[in-house]
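Here are a few notes to read alongside the model. Keep the picture open while you go through them.

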Amino acid sequence: MFKNFLKGIVIGVANVLPGVSGGTLAVVLNIYDKLTEAVGNFLTASMEKKIEYAKFLSQIGLGAVIGIVAFAGVISKMYTLYPRGTTIVFLFLILPSIPVILKGEKFFKRDNLFAFFAGVIFTGVFIYITKLFAGEEVVRTTASIFTISYGIKLFFCGIIAAGAMVIPGISGSLLLMIMGEYYNILGYIKSFNILPLVFFAVGTGIGLILVSKGINILLNKYRSYTLNFIVGIIIVSLVQIVETLFIK
């Protein structure tokens, strides 16, 4: 139980950092399969399985919430003051995931190589699109009036960001930056502004369920292809992380 709680904290902290994927850290911590299975199958599982999933998800979820709330300010400050050092730490957290994922898989098999390069191309296109559409974020102040239309935007931001959190190598925080809500969400967390966080949380929950279900189906039916695709995503993500070391 305590191990899962600590792993949840690590995943929560990872989701605070733009460019770092909570899904990648879940792979490194060897809980990715179980996490996507528990989230994706929870609603349709038997009562016995629901109890098992609930225990596991509550441990990971509590750790993730504490990781986000307790370390959001600290990690953001570290990333601002010591960008290279913080980046290197997360780089060395991600590197061990590759041999773990590929253990027992025939990487050089033609179909697996195809899946790997498909992951590389997919991530390359994703990164290009994020850079193309990235803009300046409009930061809302505490005096800003909350509207239903803004709440709906946060709801859809939650769905998209949650989907990205599940897929290794794609950063939910980075997507929130592109959608102009990253610093707003951090501000709501720090100030315990509940109303906007409720809309965002509901969207996040729905996004986690839908994407986790899809990933779990792929892992069950096309496990080898899916794992090699994920490795392709992670390789490009590592290149991006290394690139930031020279830019900052």
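1. A word on exposure: buried means under 20% relative accessible area, exposed means over 50%, and partly exposed is in between (1.4 Å probe, protein chains only). Arg 223, at 36% relative accessibility, counts as partly exposed.

2. Some ground rules. This is a predicted model, where local features need pLDDT of at least 70 and side-chain atom pairs count only at pLDDT 80 or more, while totals for chains, interfaces and linings use all residues. Residues are numbered from 1 along each chain as its sequence is written, and side-chain values use heavy atoms, with hydrogens and water left out.

3. Now the salt bridges (a side-chain nitrogen of Lys or Arg within 4 Å of a carboxyl oxygen of Asp or Glu). Searching the whole structure turns up four of them.

4. Which residue forms a salt bridge with Arg 223? That's Asp 33, with the closest N and O atoms 2.6 Å apart. The pair links distant parts of the chain, 190 residues apart: Asp 33 sits in helix α3 and Arg 223 in helix α12 (residues 223-247). Helices here are DSSP runs (H or I, at least four residues), numbered from the N terminus. Asp 33 is partly exposed, at 29% relative accessible area.

5. Glu 181 pairs with Lys 153 in another salt bridge, the closest N and O atoms being 2.9 Å apart. Is Glu 181 buried or exposed? Glu 181 counts as buried, at 3% relative accessibility, whereas Lys 153 is partly exposed at 34%.

6. Glu 52 and Lys 49 also form a salt bridge, at 3.5 Å between the closest N and O atoms. Being three residues apart in helix α4 (residues 47-81), they are separated by about one helical turn.

How values were computed: Helices (H or I, at least four residues) and strands (E, at least two) are DSSP runs, numbered from the N terminus.
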